[in-house]
There are 2 protein chains.
Amino acid sequence: MSEQDAWFYCDGVFGEGEVFELPLTESTHLARSRRLRVGALVTIFDGFGNTAVAEVRELESRPVRAVLRVRQRTMLPPPTRQIHLVSALPKGDRQSVLIDMVTQLGVTDFTPLRCERSVAGQGQRSVERWQRLMLEACKQSRRAWLPRLHAETSLTEVVEDKGLGGYTRLVADPSGVSINELDSAQLEKTNLSLVVGPEGGFSDTETVILRSSNVVPVRLGDGILRIETAAVALVTLVGAL
Amino acid sequence: MSEQDAWFYCDGVFGEGEVFELPLTESTHLARSRRLRVGALVTIFDGFGNTAVAEVRELESRPVRAVLRVRQRTMLPPPTRQIHLVSALPKGDRQSVLIDMVTQLGVTDFTPLRCERSVAGQGQRSVERWQRLMLEACKQSRRAWLPRLHAETSLTEVVEDKGLGGYTRLVADPSGVSINELDSAQLEKTNLSLVVGPEGGFSDTETVILRSSNVVPVRLGDGILRIETAAVALVTLVGAL
């Protein structure tokens with residue numbers, strides 16, 4: 001892996017030739033975790049498609065400080081379709097696993113889903129932590145577009161959301177159809193909203209809401225999956241279309 | 001979710017009408033985590049396809065002890081095809097995530113892969129910990145067959161393994177073909193060996209070994225994935241065939 005493959009987040013616009021200091025956490029990552037040196041070429045990105053090759057010009061160790069000079073800028077186009085994951089939250093560390101993996105796999109939007117049988121909700125510090133996890137996953141998977149993080153929602157709100165009007169909606173459901181039974185040519189072109197419920201399943205009321213909507217139930221193999229496994233599997237399957 | 005949906009591991013054969021005590025960790029799970037009571041019906045399984053509905057007959061709390069009586073036995077058939085994951089190991093907690101998720105998704109065999117650029121190997125206590133994780137994932141996903149855990153191996157050994165002679169072999173590779181370009185009718189019927197390399201990629205020597213073998217490179221979307229994400233994605237894709 002070449003140094004240029006090391007990605008660093010850079011909050012703000014950058015012009016060619018510009019010299020700037022990386023944010024502290026990124027400077028630390030560059031100097032301590034990646035152990036890069038003055039002269040190294042790295043990639044910087046702003047999460048909105050702007051990337052650039054930059055050269056490390058100065059490095060100080062206490063406090064850690066990395067100064068870069070922008071060489072060549074590239075604007076990477078946004079994802080061709082939106083993949084919006086609307087998922088109940090697993091407990092504890094499994095939340096981080098979910099956010100990390102689905103970002104690596106290319107979701108463009110994430111909305112936590114509050115269900116009657118939800119065992120975990122969005123904590124006060126979740127947003128900040130999730131943003132950080134998404135950033136790290138973008139760096140890892142070299143995605144120039146950071147996923148959008150939306151406010152927690154209910155199933156009624158998802159079903160009635162006019163903003164998702166043009167989206168094809170799928171819900172993970174052990175009694176649903178196999179993904180191969182769907183029209184893959186159609187799914188490949190449309191924006192997608194992927195719904196994953198809590199481990200205790202949807203309540204009767206929620207099941208009625210789903211049945212009376214146009215959300216297609218999709219089966220993910222023959223086992224009962226934990227929330228984060230179901231989310232990752234569903235994102236993987238639509239990503240491969 | 002009904003009580004019968006709660007699965008407990010039972011090391012050994014059990015006959016109808018038989019009364020026996022659950023192992024300590026399972027008794028604890030039953031009494032403390034699931035808070036089941038005398039009279040509850042649960043499912044017990046031995047990891048080799050034997051399952052049974054059993055009734056809780058006695059519960060003691062200090063030390064915790066659960067005595068069950070077997071009602072109806074069922075022998076569940078083995079998976080129709082083998083899905084053997086041969087994967088480099090990620091670091092730390094990510095190992096647990098990998099083992100947990102791929103078991104939920106139905107791998108039948110797991111072999112840790114030792115590569116030139118591997119950053120993590122199988123620790124002394126790994127086998128015991130992984131067995132436990134697989135067991136918990138089987139309980140979660142209600143799989144009656146526990147995956148087999150094999151000794152750490154090298155790429156040369158995988159390629160030359162006569163035991164995998166009848167297997168179709170796939171390797172996660174960003175420059176490979178999309179899974180849709182493969183003959184899905186063929187893949188659906190054959191046993192599969194899925195190879196996932198380390199995050200630094202295969203070495204030149206290992207790349208030569210792969211190129212001169214019949215291992216098909218398969219692309220998993222457009223991002224660079226961590227080991228455990230790649231493994232989960234590959235298992236998901238072949239599982240959906």
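## Interface of chain A and chain B

Helices α2(A) and α2(B) are roughly perpendicular to each other, a label given to angles of 65 to 115 degrees. The two helices pack at an angle of about 80°, and their axes lie 12 Å apart. Helices here are DSSP runs (H or I, at least four residues). The residues that make this contact (heavy atoms within 4.5 Å) are listed below.

| Helix | Residues in the contact |
|---|---|
| α2(A) | Arg94(A), Val97(A), Asp100(A), Met101(A) |
| α2(B) | Arg94(B), Val97(B), Asp100(B), Met101(B) |

By class, four of these residues are nonpolar and four are charged, with no polar ones.

This is a predicted model, in which local features need pLDDT of at least 70, side-chain atom pairs count only at pLDDT 80 or more, and totals for chains, interfaces and linings use all residues. Residues are numbered from 1 along each chain as its sequence is written, and side-chain values use heavy atoms, without hydrogens and water.

The whole interface draws 28 residues from chain A and 28 residues from chain B. Together the chains bury about 2,400 Å², 55% of it on carbon and sulfur atoms; buried area is the accessible area (1.4 Å probe) that two parts lose on being put together, summed over both. Met101(A), Gln140(A) and Ile224(A) supply 21% of the area that chain A buries against chain B, more than any other three residues.

Four salt bridges are counted between the chains, each defined as a side-chain nitrogen of Lys or Arg within 4 Å of a carboxyl oxygen of Asp or Glu. Asp100(A) and Arg94(B) meet in a salt bridge at 3.2 Å, N to O.

Terms used. Chains lettered and ligands numbered in written order. Axes fitted to C-alpha atoms, helices over the stretch in contact; angles between N-to-C directions. Parallel < 35°, antiparallel > 145°, perpendicular 65-115°, else oblique. Nonpolar A, V, L, I, M, F, W, Y, C, P; charged D, E, K, R; others polar.
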